[in-house]
Amino acid sequence: MISDKNFMDNNVTIVDATLDKLEEIIQIEEECFTVPWSRSNFESAFDADNTRIFALISQDGTMCGFACLLIIDYEAEILNIAVRQNHRNKGYGKLLMKHMLDLCDSSSISSVYLEVRESNLSARRLYTQNGFEIIGLRKRYYTSPVEDAILMLKKI
């Protein structure tokens, strides 16, 4: 099982999100993605025993971003990672990624998977910098616009 340790630095804290953060998570999701998850998608994630949602909170209490991690046996999948547009380029996506990978590393997780839009170069760069490698392609996976998904894997 993954540890419940929170991450904290001088500017932000990463905590396990609770249902009272749902509205802020939905706002960030809608701001960041052309086809955002629905409210029911997030409610299901909060209800699932094998899904963790992390909130990145600034010193003033503002949620700057969030991430979702699905855990199945010895594998994990990063379902979602998003940072508000006005908080980008501060390393917050990197902090969320590091938090999830550290949690996986400290548990029995051996592989972490994710999918990313082919055109999302900044996300792809973040994933590559964190040791993810391309393992496949899903043709026409995304909509609005239609685009391929790149499958990536990191062995822990």
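**Strand S4 and its neighbours**

Let's start at a turn. In the hairpin of S3 and S4, four residues lie between the strands, and glycine 61 there takes a positive phi near 90°. Strands here are DSSP runs of E with at least two residues, helices are runs of H or I with at least four, and both are numbered from the N terminus.

A word on the source. This is a predicted model, where local features need pLDDT of at least 70, side-chain atom pairs count only at pLDDT 80 or more, and totals for chains, interfaces and linings use all residues. Residues are numbered from 1 along each chain as its sequence is written, and side-chain values use heavy atoms, with hydrogens and water left out.

Now the pairing. Two strands pair if DSSP finds at least two bridges between them. Strand S3, residues 51-58, runs antiparallel to S4 over seven bridges. On the other pairing, S4 meets strand S5, residues 75-83, also antiparallel, over eight bridges. Their hairpin has two residues between the strands, and aspartate 73 in the turn has a positive phi of about 55°.

Look at glycine 65 in S4. Leucine 56 has glycine 65 as its bridge partner. In S5, the partner of glycine 65 is valine 83.

How buried is S4? Nine of its ten residues, 63-72, are buried, so the strand is largely enclosed by the rest of the structure. Buried means under 20% relative accessible area, exposed over 50%, partly exposed in between, with a 1.4 Å probe and protein chains only.

Last, glutamate 43. This residue sits in helix H2, residues 39-47. Glutamate 43 is partly exposed, at 33% relative accessible area. Leucine 22 is 21 residues from glutamate 43 in sequence, and 8.1 Å away in space, C-alpha to C-alpha.
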